Amino acid sequence: MTDPIAPGGYTPATLRTEGEEEAARLPALLARAEHLAGAVLLGAHGRRRAGVGDDFWQYRPAQIGDSRRMIDHRRSAMGDHEFVREREWQIAQSVMLWVDQGASMRFSSDPRLPQKSDRVRLLGLALAILLLRGGERVGLTGTRLPPRRGNPQLLRLAEVFCQDDKADYSPPEHRAMIPHARAVFISDFMGDMSGVKLALTKAADRGVRGVLYHVLDPSEEAFPFRGRTIFESVGGTLRHETLKANDLRDRYLERLATRKAELQSLCAVTGWRYGLHHTDASAQAALLWLYAALDARAGVAA
């Protein structure tokens, strides 16, 4: 008797096996992210300021123009002056992440190098650790995991980051952008640009500013291929064979330069920051750049 088929084409047995494999990845990813985050010397980062929120920030003396309902009567009863209870500005402390989990990210040109997916997951989770320690609320773009604080949120993020998308290219999630929050998109941006344009345009319309981090394998930057070569997407949906790969080099590099310029132009128009990282470079240096770029106003070289 065969196992019944679950939604998505899985049987209970394959679902269990895949679930166990995903769960086994969590501790290792968390440990590596914690180690990477711990190597970064933290400075003051929290964007604490008064505004609409749920968390207490400070008491201050009442001023002319404050309404009576703003007065905290319990605190005021302790002395001769009236005090206002101020709360944190939640929106400014929300950071939304999108880490590309498409099949194109599961590529490495050398066994000694990490796959792009491994690097972006590590950077995304390590950045979340730094932000959570700095008092930020961190979550995902879209409705799946709204920004929150605390270690339980970190575990939820790690669980999501360990999941793979079967599609060759995954577009950024553009739904549920929190007005005036921050966002970080990490991807190889090799797919259709319409999804990236839509996400950044919607973000800009809602006052969301952030960082677009472009992660590439060194071979994707250098195109070292010669002679007969078969190019095939990780997901297996695209395949091209050529006898003279070197003849494609100039056209490929031109298209890559055009893609970089397009991303940089899009960031300039929407007020985002653009950064470039190669998987043979230091993950710690990449994390430092990302962390600083979230708040920096001046240009930073990637």
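Contact here means heavy atoms within 4.5 Å. Helices are DSSP runs of H or I, at least four residues, numbered from the N terminus.

With that, take H5 and H7. Val-196, Lys-197, Leu-200 and Ala-204 of H5 touch Glu-262, Leu-263, Leu-266, Cys-267 and Thr-270 of H7. Those residues split into 6 nonpolar, 1 polar and 2 charged. Ala, Val, Leu, Ile, Met, Phe, Trp, Tyr, Cys and Pro count as nonpolar, Asp, Glu, Lys and Arg as charged, and the others, Gly among them, as polar.

A word on the source. This is a predicted model: local features need pLDDT of at least 70, side-chain atom pairs count only at pLDDT 80 or more, and totals for chains, interfaces and linings use all residues. Residues are numbered from 1 along each chain as its sequence is written, and side-chain values use heavy atoms, leaving out hydrogens and water.

Back to the pair. The axes of H5 (residues 194-205) and H7 come within 10 Å and cross at roughly 15 degrees. Axes are lines fitted to C-alpha atoms over the stretch in contact, with angles from 0 to 180 degrees between N-to-C directions. So H5 and H7 are roughly parallel, a term for angles under 35 degrees.

Stay on H7, residues 249-270: Tyr-252 sits there. Is Tyr-252 buried or partly exposed? Partly exposed, because its relative accessibility is 23%; the class lies between buried, under 20%, and exposed, over 50% (1.4 Å probe, protein chains only). Leaving aside residues up to four places away in sequence, Tyr-252 touches Met-190, Glu-220 and Phe-223.

Notes:
Helices (H or I, at least four residues) and strands (E, at least two) are DSSP runs, numbered from the N terminus. Angles under 35 degrees count as roughly parallel, over 145 as roughly antiparallel, 65 to 115 as roughly perpendicular and the rest as oblique.
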